[in-house]
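This report describes the spaces inside one protein model and the two molecules placed in it. Please look at the sequence and the structure first.

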Amino acid sequence: MAADTAQALNTGGSSQRPRHVAIIMDGNGRWATDRGWPRLVGHRRGAERVKQIVRACPDLGVNWLTVYAFSTENWKRSTEEVLGLMKIFRRYIEREAEGMSAEGVRLRFIGGRDRLDGKLQALMSSIEARTAGNTRLNLTVAINYGGRDELLRAATKLACKVAQGEVAEPTENDLHACLDTAGHPDPDLVIRTSGETRTSNFLPWQAAYSEYEFTPTLWPDFSPDHLAAILDRFGLRDRRFGGV
Ligand code: IPE
Ligand code: IPE
Ligand code: MG
């Protein structure tokens with residue numbers, strides 16, 4: 001299949017409202033240390049923000065939201081911070097399961113699962129199954145996600161398919177089908193909070209033609225109003241996808 005056809009299938013389209021927004025939620029640690037508090041306080045406040053943003057998305061016309069919660073590089077942090085974050089993820093799933101089911105949120109996870117605690121893995125699978133029929137908002141949480149790791153796992157899967165004769169000459173769509181985000185539209189807009197202007201291994205394949213917005217606001221301060229303002233600005237962008 002031609003690359004432009006693959007792109008047409010994989011993107012959310014060029015409408016004035018982004019259908020799929022992806023967020024690099026950065027700045028929790030600085031938010032806490034600025035106040036003389038432990039970094040984990042910032043992560044807890046950050047998790048509260050996720051809930052508010054998730055609730056705001058459908059009314060803002062966003063049908064897909066992908067959030068970067070923990071990277072393959074974040075294991076370099078202290079054991080206390082890593083274990084604290086894992087506990088926040090477990091609690092988030094346990095406490096939000098009921099509400100997300102009621103509000104029509106379909107929750108999915110991307111990233112390698114093998115390195116995660118067994119109890120967390122079980123919770124992730126169970127909420128994915130429980131919310132599988134929901135369509136109001138597709139929420140994807142990236143945990144132990146790294147774009148290079150995802151591409152390596154996808155390339156390995158694709159090589160198996162080729163070896164087994166299932167795929168003859170791999171196309172972009174064949175690789176897309178092997179990604180953790182198989183079946184998801186590409187993000188139209190990627191937002192990074194906290195003033196850093198890098199992508200930190202987030203969705204390198206999927207965001208090839210995404211628009212980027214970098215805001216100095218730290219994630220625990222990022223409100224639905226901030227999101228609404230960014231979405232309004234998105235409407236003014238001219239997306240050309242290589243055309244004229
Ligand atoms: C983002 O906030 C959350 C994770 C990476 C888990 P940080 O913890 O990176 O916050 P800063 O960048 O140190 O302020
Ligand atoms: C990116 O933030 C990862 C997440 C937001 C989960 P980091 O804080 O880990 O990224 P760097 O180290 O500043 O690039
Ligand atoms: Mg950071």
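A residue counts as near a molecule if one of its heavy atoms lies within 4 Å of it. By this rule ligand 1 has 13 residues around it, and D26, G29, R30, R39 and R77 come nearest. The model is predicted, so local features need pLDDT of at least 70 and side-chain atom pairs count only at pLDDT 80 or more, while totals for chains, interfaces and linings use all residues. Residues are numbered from 1 along each chain as its sequence is written, chains are lettered from A and ligands numbered from 1 in the order in which they are written, and side-chain values use heavy atoms, with hydrogens and water left out.

**The largest pocket**

Spaces are found on a 1 Å grid over the protein atoms alone: a cavity is a set of points where a 1.4 Å probe fits but cannot get out, a pocket is an open set with protein on both sides within 12 Å along at least five of seven lines, and lining residues have an atom within 4 Å of a point. Grid points are joined across faces, edges and corners, and a volume is the space filled by probe spheres set on the points.

The volume of the largest pocket is about 680 Å³. It is lined by 33 residues, of which M25, Y68, A69, F70 and N74 are the closest to its centre. Helices (H or I, at least four residues) and strands (E, at least two) are DSSP runs, numbered from the N terminus. Two or more lining residues come from each of α2 (28-33), α3, β2, α4, β3 (105-110) and β4 (137-145).

Which element gives the most residues to the shell around ligand 1? It is α2, with three residues. For ligand 2, strand β2 (residues 64-71) gives the most, also three residues. The shell of ligand 2 includes Y68, A69 and F70, along with D26, R192 and S200.

A polar contact is a pair of N or O atoms within 3.5 Å; within protein, one must be able to donate a hydrogen and the other to accept it, and residues adjacent in sequence count only if both atoms are side-chain atoms.

| Ligand | Residue and part | Distance |
|---|---|---|
| Ligand 1 | G27, backbone | 3.3 Å |
| Ligand 1 | N28, backbone | 3.2 Å |
| Ligand 1 | R77, side chain | 2.6 Å |
| Ligand 2 | D26, side chain | 3.2 Å |
| Ligand 2 | R192, side chain | 3.3 Å |
| Ligand 2 | S200, side chain | 2.6 Å |

Accessible areas come from the Shrake-Rupley method with a 1.4 Å probe; for residues, only the protein chains shown count as cover. The protein covers 87% of the 380 Å² that ligand 1 has on its own, and 78% of the 390 Å² of ligand 2.

**The cavities**

The structure has two cavities of 30 Å³ or more. The largest cavity holds about 40 Å³, and α4 gives the most to its lining, with four residues. Among the residues that line the largest cavity are K51, R55, Y92 and E96. The second largest cavity holds about 30 Å³, and its lining includes H20, H184, D186 and Q206.
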